[in-house]
Amino acid sequence: MSILNATTMRQCAFEVVRAVAEPFSCEVQRSKRKTLALYVKPGKVIVRVPLDASKAEVEEFVQSNRAWIDGRLSEESVRYSERLVIEHGRRIFFRARELEIVFRQGHRQRIMADGNQFIIQGDCLTPAKAREQLEDYLIDKASHYIIPRAKGLARYLGVDQKISKIKLRKTKSKWGHCTSQGVLQFNWLIMLAPHSIIDYMIAHEVCHLIHMNHSKRFWLLVNSVCPEHEHYIRWLKQNEHRFWF
Ligand SMILES: [Zn+2]
């Protein structure tokens, strides 16, 4: 969205483009651009087009990409159905295992994985309370796991003095971040993933203390401390939509 701005963009919401198979909601966004592009969200297609594109041109573009759109729409609907909803009886993808969420009555607040169950125990639990409890649990796990490991790896690489702060924050789409001032930031939702994935995230951000880019030298360094990183990146891409709540 960075190339669009309020003055150049005219948004035309929910212009429905009739399709041969089943119709879908299609939003046409006009802006100062030269080409047409498609973006797919659950149950919705966004077409970004130049200001002067005709309706026929837009429809033709959508129809000619119909097979790709259908594939992406079904992918998105699977991803949507797999999203994390914290309610009794729903599923949670915890450390690469699918567990059943169980709300259990108890005065002592606790969270534990037991067999195929992910138990959230608390007093008169509601989904909102359980969600807060899970947030606290993950933040606590992250502060005990991520912070010492990031410091340890930085020490091993001889750059621990470069760390000015380690922040834990739930961001909308990022897993981690490293600034040139030495602030490392990690998304605590990553604590739902297996430890190998968390370790890759830590390695990625700590290596940015040495290379502030994604150059070949950066990836060589990541590889030296996390040789399976390509596998973990693929795993994250396939599964990360299951962690956000
Ligand atoms: Zn990076």
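A crossing of two helices is called right-handed if the near helix is turned clockwise from the far one by less than a right angle, and left-handed if it is turned anticlockwise. The exercises below concern a predicted model.

**Exercise 1.** Determine how helix 3 is oriented against helix 4, and which residues make their contact.

*Solution.* Helix 3 (residues 127-156) and helix 4 pack with their axes 10 Å apart and at an angle of about 50°. Since angles of 65 to 115 degrees count as roughly perpendicular and those under 35 degrees as roughly parallel, helix 3 is therefore oblique to helix 4. The crossing of helix 3 past helix 4 is right-handed. Helix 3 contributes Y145, I146, R149, A150, L153 and A154 to the contact, while helix 4 contributes I198, D199, I202, A203 and V206. These residues comprise nine nonpolar, no polar and two charged.

**Exercise 2.** Classify the packing of helix 4 against helix 6.

*Solution.* The angle between helix 4 (residues 195-207) and helix 6 (residues 229-239) is about 110°, and their axes lie 10 Å apart, which means that helix 4 is roughly perpendicular to helix 6. On the helix 4 side S196, I197 and Y200 take part, meeting H229, Y232, W235 and L236 of helix 6; five of the contact residues are nonpolar, two are polar and none is charged.

Notes
Residues are numbered from 1 along each chain as its sequence is written. This is a predicted model: local features need pLDDT of at least 70, side-chain atom pairs count only at pLDDT 80 or more; totals for chains, interfaces and linings use all residues. Axes are lines fitted to C-alpha atoms, for helices over the stretch in contact, and angles run from 0 to 180 degrees between N-to-C directions. Helices (H or I, at least four residues) and strands (E, at least two) are DSSP runs, numbered from the N terminus. Angles under 35 degrees count as roughly parallel, over 145 as roughly antiparallel, 65 to 115 as roughly perpendicular and the rest as oblique. Two residues are in contact if their C-beta atoms, placed from the backbone, lie within 7 Å. Ala, Val, Leu, Ile, Met, Phe, Trp, Tyr, Cys and Pro count as nonpolar, Asp, Glu, Lys and Arg as charged, and the others, Gly among them, as polar.
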